[in-house]
Amino acid sequence: MTGTQDEDQFRDYSSRESMQDADPVAEFYRLNHKYQTLAFARAKIDQYGALSLARMGVWEACELLNTLVDDSDPDTSLSQIQHLLQTAEAIRQAGHPRWFQLTGLIHDLGKILCLQGEPQWAVVGDTFPLGCEFSADIVYADFFAANPDQMNPDYQGQLGIYAPECGLDKVTMSFGHDEYLYRVTRAYLPLEAQYIIRYHSFYSAHSAGAYDYLMNAQDRELFQWVKLFQPFDLYSKGHAPPDIEQLKDYYQTLIAEFFPATIQW
Ligand SMILES: [Fe+2]
Ligand SMILES: [Fe+2]
């Protein structure tokens, strides 16, 4: 894979820490780490997990999302639909199966919540478990000092409210586009695809192996797919923009193999 950006430069937040005041990524994580509490995430799952926002097709959602600019992403100036197509194309060119290509195409569609008036800190950025100690491996971990869950004695220690190796399905993650899209699409996709969608922003686990003590054997097995997906999401961003009109037919056919014409959002 050849990119126009050196891979080491992707997700480089460290050079920005001395200029937090002027840095939208730092400001984004200051808000995200302050307001993403267990109570907040549970309330948002109740609200959006009902899938009562809209009924629309998957391609229609791609086009709807295309009006959004993601403050949390330091790397890309591509539009949302270009990022989705580029991720899917990179997976396709690597010879991966059709469900995996489709996962690349749709993985960020949960970001339509930003268009519902949700602040970006509630929709995008890295995700992490709630109800237990925040890992030092999470980006901008110092900002968790302002999170009210730090004051709740039940949420302290590695396990907090959870049993050892309870499995991620029992863990409430910080709310965002991952959890929402998982709930929108889970009835239509293989388990591996559901897993990629649900945990693709759980970077402390992908990159640093954090929170292994909450994972069970199935998590560890399926996390291999999340790790396989991660470079396609990140490193395809340096490539030339895809031709949307040229690719539209291929991906609309692919969508129709897995989804009905419209689904609940
Ligand atoms: Fe994402
Ligand atoms: Fe993405």
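This is a predicted model: local features need pLDDT of at least 70, side-chain atom pairs count only at pLDDT 80 or more; totals for chains, interfaces and linings use all residues.
**Overall fold**

The chain contains 10 helices and two strands. In sequence order the elements run α-α-β-α-α-α-α-α-α-α-α-β. The chain has 265 residues, of which 41% count as buried. Among contacts with a separation of 6 or more, 78% are between residues 24 or more positions apart.

**Nonpolar core**

The largest nonpolar core has 63 residues, and the members that touch the most others are Ala61, Cys62, Leu105, Leu109, Ile196 and Val226. The element that gives the most to this core is helix H4, residues 80-93, with six residues. Leu105 touches Leu84, Leu85, Ala88 and Tyr251, when residues up to four places away in sequence are not counted. Leu84 and Ile81 of H4 also take part in the packing against H3, where Cys62 is one of the H3 residues involved.

**Helix packing**

Two packed helices are described by the angle between their axes and the distance between the axes. The table gives these values for two pairs.

| Helix pair | Angle between axes | Axis distance |
|---|---|---|
| H7 (residues 191-199) and H9 (residues 217-235) | roughly 60 degrees | within 9 Å |
| H3 (residues 58-65) and H4 | about 130 degrees | 7 Å |

H7 passes H9 in a right-handed crossing. On the H7 side the contact is made by Leu191, Glu192, Tyr195, Ile196 and Tyr199, and on the H9 side by Leu222, Trp225, Val226 and Phe229. By class, this contact comprises eight nonpolar residues, no polar residues and one charged residue. Two of the residues in this contact, Ile196 and Val226, are also among the core members with the most contacts to other members.

H3 and H4 pack at about 130 degrees. That angle falls between 115 and 145 degrees, so these helices too are oblique to each other. Cys62, Glu63 and Leu65 of H3 meet Gln80, Ile81 and Leu84 of H4. The classes represented here are four nonpolar, one polar and one charged.

**Loop residues**

Leu51 lies in the loop that joins helix H2 (38-49) to strand E1 (55-56). Its phi is near 55 degrees, a positive value in a residue other than glycine. Leu51 has 14 other C-beta atoms within 10 Å and is therefore partly exposed.

Tyr140 is found in the loop between helix H5 (98-106) and helix H6 (177-185). Tyr140 likewise has a positive phi, of about 55 degrees, although it is not a glycine. Because a residue needs 20 or more C-beta neighbours to be buried, Tyr140, with 19 inside 10 Å, counts as partly exposed.

Ala261 is in the loop between helix H10 (244-258) and strand E2 (263-264). With 12 other C-beta atoms within 10 Å, Ala261 is exposed, since 12 or fewer is the limit for that class. Ala261 and Trp59 are 202 residues apart in sequence, while their C-alpha atoms are 9.4 Å apart in space.

Note on methods. Residues are numbered from 1 along each chain as its sequence is written. Chains are lettered from A and ligands numbered from 1 in the order in which they are written. A nonpolar core is a set of buried Ala, Val, Leu, Ile, Met, Phe, Trp, Tyr and Cys residues joined through C-beta atoms within 7 Å. Helices (H or I, at least four residues) and strands (E, at least two) are DSSP runs, numbered from the N terminus. Two residues are in contact if their C-beta atoms, placed from the backbone, lie within 7 Å. Axes are lines fitted to C-alpha atoms, for helices over the stretch in contact, and angles run from 0 to 180 degrees between N-to-C directions. A crossing is left-handed if the near helix is turned anticlockwise from the far one by less than a right angle, and right-handed if clockwise. Ala, Val, Leu, Ile, Met, Phe, Trp, Tyr, Cys and Pro count as nonpolar, Asp, Glu, Lys and Arg as charged, and the others, Gly among them, as polar. Angles under 35 degrees count as roughly parallel, over 145 as roughly antiparallel, 65 to 115 as roughly perpendicular and the rest as oblique.
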